[in-house]
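Take a look at the fold shown here. This report walks through its parts, one chain at a time.

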Amino acid sequence: MKTTNEVSIKNEWDIVAARQAGREAAKRLEFGIVDQSRITTAISELARNIYLYALPGKIVIEEIHKNNRNGLRIVAKDKGPGIEDIRKALEDGYTTSGGLGAGVPGVKRLMDEFEIDSAIGVGTEVTAVKWLK
Amino acid sequence: MRIPILKMYDLLLVSIQVELDDISALELQEDLLNKIHETTAKGVVLELTSMEIIDSYIARILGEIVSMAELMGTKVVLTGIQPAVAITLIELGIHLKSANTALDLEKGIEILNDIY
């Protein structure tokens, strides 16, 4: 069974909606309470990133099953300005508009797999996966 | 959603029991500072036991509340941060070093009473 949930990010409340959808999915997959917190927080960071810098965008939460393992894939897609220097964006404390800093590199630490694909003027897609242990 | 702020003798008590969105967090910041000013409370306990998630933004607001209240002359203690939330915050790279913390509400009140 494949379960996918999509939340469009348009305002602050959508950030809450996205992380609640993430927590529900994590609970459904029986992630432990710490991983639930990691996943929910990662979604919150990604959703806020979209809201602050890259509207319009969405968060896609998808259950994945591979080699007898279950996991949750979070994809943050936006049609924002794109990231010029991805390596720099992954440095702690780096921010282009005096914002949060902790966000993106933090997400990388909270999740098991992490990938960014970005094109200037087109948008950014961040994919993060957490596997059930 | 306005978060209630309770006055208890010369302390203020805030227990966050809802999923805190960004706007409510900012409102709480302003409401609490106004309430400190109004009541001249000597200390504030921010009770966080029910919070299942604290992300970088909410953490920043909490840290700012601590610093702003301190600037006014009032100590804030954060209490009851859940293990999962503590793990996530540190992994995220957020240490909230300037904040006084306590395991629970009782210990938070003790800390404030000890300070003064």
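## A cis proline in a loop

Pro56(A) sits in a loop of chain A, in this predicted model. On one side of that loop is helix H2 (33-53) of chain A, and on the other is strand S2 (57-66) of chain A. The peptide bond that leads from Leu55(A) into Pro56(A) is cis. Its omega is near -5 degrees.

## The sheet of chain A

Now zoom in on one pair of strands. Strand S3 (residues 69-78) of chain A is joined to strand S5 (residues 123-131) of chain A by eight bridges. These two strands run antiparallel. Within this pair, Ile74(A) stands opposite Ala128(A) of S5(A). In general, the strands of a sheet pair through backbone hydrogen bonds, and the pairing can be parallel or antiparallel.

## Helices on the chain A sheet

## A charge over a ring

Which residue lies over the face of Trp131(A)? It is Arg69(A), placed 4.4 Å from the ring centre. Aromatic pairs are another matter. A search of the whole structure finds zero of them over all chains.

## The sheet of chain B

Chain B has an open sheet of five strands too. Its order is S1-S2-S3-S4-S5, and the pairing is mixed. The edges are strand S1 (6-8) and strand S5 (100-102) of chain B, each pairing on one side only. Neighbouring strands are turned by 25 degrees against each other on average, with direction ignored.

Strand S4 (residues 75-79) of chain B runs parallel to S5(B), and three bridges join the two. Thr79(B) stands opposite Ala102(B) in S5(B). Helix H2 (residues 56-72) of chain B lies across strand S3 (43-47) and S4 of chain B. The angle between H2(B) and S4(B) is about 155 degrees.

## A loop residue and a record for chain B

Tyr9(B) is found in the loop between S1 and strand S2 (11-15) of chain B. Is its phi positive or negative? Tyr9(B) has a positive phi of about 50 degrees, although it is not a glycine.

UniProt, in an unreviewed entry, lists residues 1-112 of chain B as "domain: STAS". In the model, this span is 47% helix and 19% strand. Its end C-alpha atoms lie 28 Å apart.

## How confident is the prediction?

The model scores ipTM 0.92 and pTM 0.92. Chain A has a mean pLDDT of 89, and 90% of its residues reach 70 or more. For chain B, the mean pLDDT is 95, and 99% of its residues reach 70 or more.

Where does pLDDT stay under 50 in chain A? That stretch is residues 96-100 of chain A. The model has 10 contacts for these residues beyond four places in sequence. Where pLDDT is low, predicted coordinates should not be read in detail.

Notes. Residues are numbered from 1 along each chain as its sequence is written. Chains are lettered from A and ligands numbered from 1 in the order in which they are written. This is a predicted model: local features need pLDDT of at least 70, side-chain atom pairs count only at pLDDT 80 or more; totals for chains, interfaces and linings use all residues. Side-chain values use heavy atoms; hydrogens and water are left out. Rings of Phe, Tyr and Trp (its six-membered ring) pair if their centres lie within 6.5 Å; planes under 30 degrees apart count as stacked, over 60 as edge-to-face and the rest as tilted. A charge sits over a ring if NZ of Lys or CZ of Arg is within 6 Å of the ring centre and within 35 degrees of the ring normal. Two strands pair if DSSP finds at least two bridges between them. Helices (H or I, at least four residues) and strands (E, at least two) are DSSP runs, numbered from the N terminus. Axes are lines fitted to C-alpha atoms, for helices over the stretch in contact, and angles run from 0 to 180 degrees between N-to-C directions. Contact means heavy atoms within 4.5 Å. UniProt positions are given in the numbering used here, feature names are shortened, and annotations may be inferred rather than shown by experiment. pLDDT is the predictor's confidence in each residue, from 0 to 100.
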